[in-house]
Amino acid sequence: MSTRSIVYDTIAQVAREQEKVLPALDDDLVLLESGLDSLCFAILVSRLEDALGVDPFTASDEIVFPVTVGEFVTLYETAALDAAA
Amino acid sequence: MRALGEVLAGAAPGRRLHGAERSLAFADLRQLTPLDGPVSGARVLLVTGDQLSAALALLALDGHAAAIVLCPPDLAPEHLPVIAERAGADTLVTDRDPADLPGLDGLRHVACRWPLLPAQEAIGEPAYATEWLLLTSGTTGVPKLVRHTLAGLTAAIRLAPADAPPPVWATFYDIRRYGGLQIFLRGVVGTGSLVLSSAGEPVADHLRRLASHDVTHLSGTPSHWRRVLMSPARGAIAPGYVRLSGEIADQAVLDGLRETYPGASIGHAYASTEAGVGFEVTDGREGFPEAFVGRAGAEVEMRVVDGSLRIRSGRTADAYVGTAGLALADADGFVDTGDMVELRDGRYRFVGRRGGIINVGGLKVHPEEVEAVINGHALVRMSLVEARRNPITGAVVSARVVLEPGAAETPEAEVRAEILAACRSALSPHKVPALLKVVASLEMTAAGKLARPHA
């Protein structure tokens, strides 16, 4: 499975568990307007660390905090590439 | 300053207190009160639904009431009768219907209401050195009461020079908790104004409201600030001073703030309800310099004992109230914070709480209460709950579970789902394990106990 689909699947899974109703997920959706709260993001980042083996929020020297779902996915794709390199 | 209300006399006309829906001039509050009855000498249990009500009541009560018990918004109402008893409270001041607050019938009721009334007792002419009784957040069950004085609460405040532009303070916290109260006091006693937060307000709306008031000094936990950095409205504000406290500030959030607000001075402060404001770090790096520890005679003295930070200063609380035999400070007057630190390369870094208490975005979790729920599942033999470092909330709850030998007949995914469902129905959301792993065994100590980090 691609990094992108793992990220999308995990977002949907966390939202389901936390009983949050998500709007249709696409790359332009603003994360803070997705209905996910801080706790959801925290769970999401920990799950993705286990699934992908990277935590881009801690690993990189210069982290740019993501605003949209697309930026969030790119952060993980880049981190996964860096980790593989 | 003998009472908070004293600063209202002669307050510059531009100085204002901004709630989410209303805005008031500090100067007007000398003649106006939200309280519909006398409070002189009363021991007041202050229970407010609205944050602006709390702010107005504090201004009217300090110097007039003998004591104020400042109840935070998330306090479970069933704890109120015990807290009232421990505090010796005789008066309930609330903006809520007293019928919604059972078990407080013995207290005199003074309504905290809108519109404001002409003050009968001139606000700010103090008759009492009011005790401020704050509630701790780190305990299971009924929170502990901690006694402060106005002098101690304001001891860490450095006022801007009188000729400097008046600051506009704001905080993402609620002012009924120690961290938010510090910002409330900075907004009131200085030359500036104050913008209160509003529960449930979306981050972008809050940032635009702060921008409309030209906020200059802004404070929150690292978790609050990460939400700001992820908001498309983050550029709406241009604070000159950014403050983080209440949780461990990591390098990523400090760097993110430096990049987003290049003109701001950024400080991360260490404070707790018991230990008061300890120190502020302004060099932009996580942790704090080794030199902060062991400075004898400094305004704030710090020691590290068995890995835990201890603090002695005029800003610490005086004592616990209503819990006999519980000492706040050691024999030398140092308050043990329970925050564990490690020294590396001349820098102390926070590594967690003693006893394994987990801090999820400022909300504390005792591993044992989560383990008790997990262990209630028939197929669970034992479990270990611990903190897992997390860049969004500082930590999340992580659980490892050992199943009974006979459990192999039930699919593991099913057992996991049942355990998590039990946790969700019994615990607040931040206490439910974010990660749950089934393992073959857990490490035990020589004494036969579960091996816990920092226990």
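**Close-up 1. The second largest pocket, with a volume of about 460 Å³.** This is a predicted model, where local features need pLDDT of at least 70, side-chain atom pairs count only at pLDDT 80 or more, and totals for chains, interfaces and linings use all residues. Side-chain values use heavy atoms, leaving out hydrogens and water, while residues are numbered from 1 along each chain as its sequence is written, and chains are lettered from A and ligands numbered from 1 in the order in which they are written. A pocket here is an open set of points on a 1 Å grid over the protein atoms alone, where a 1.4 Å probe fits and protein lies on both sides within 12 Å along at least five of seven lines; lining residues have an atom within 4 Å of a point. The points are joined across faces, edges and corners, and the volume is the space filled by probe spheres set on them.

**Close-up 2. What lines that pocket?** The second largest pocket has 22 lining residues, and B:A156, B:I157, B:R158, B:R186 and B:E280 lie nearest its centre. Two elements give two or more residues to the lining: strand 13 (241-244) and strand 15 of chain B. Strand 15 of chain B gives the most, with four residues. (Strands are DSSP runs of E with at least two residues, helices are runs of H or I with at least four, and both are numbered from the N terminus.) Sorted by class, the lining holds 11 nonpolar, four polar and seven charged residues. Ala, Val, Leu, Ile, Met, Phe, Trp, Tyr, Cys and Pro count as nonpolar, Asp, Glu, Lys and Arg as charged, and the others, Gly among them, as polar.

**Close-up 3. Aromatic rings around B:F279.** Searching the whole structure turns up 13 aromatic pairs over all chains. One of them is B:Y270 with B:F279, a stacked pair at 5.6 Å centre to centre and 15 degrees between the planes. B:F279 also pairs with B:F292, this time edge-to-face, with 5.5 Å between the centres and 75 degrees between the planes. B:F279 sits in strand 15 (residues 276-281) and B:F292 in the loop between strand 16 (288-289) and strand 17 (300-305) of chain B, so this pair ties together parts that are 13 residues apart in sequence. (Rings of Phe, Tyr and Trp, the last by its six-membered ring, pair if their centres lie within 6.5 Å; planes under 30 degrees apart are stacked, over 60 edge-to-face, and the rest tilted.) Together, B:Y270, B:F279, B:F288, B:F292, B:Y348 and B:F350 make one aromatic cluster.

**Close-up 4. Buried or exposed: where do B:F279 and B:F292 fall?** B:F279 counts as buried at 10% relative accessibility, and B:F292 is buried too, at 15%. (Buried means under 20% relative accessible area, exposed over 50%, and partly exposed in between, using a 1.4 Å probe and protein chains only.)

Close-up 5. You'll find B:D306 in the loop between strand 17 and strand 18 (308-313) of chain B, and it is exposed, at 69% relative accessibility. B:D345 sits in the loop between strand 20 (335-344) and strand 21 (347-353) of chain B, and is exposed with a relative accessible area of 78%.

**Close-up 6. A cis peptide bond between B:W114 and B:P115.** Omega here is about 0 degrees. B:P115 belongs to strand 7 (residues 108-118) of chain B.
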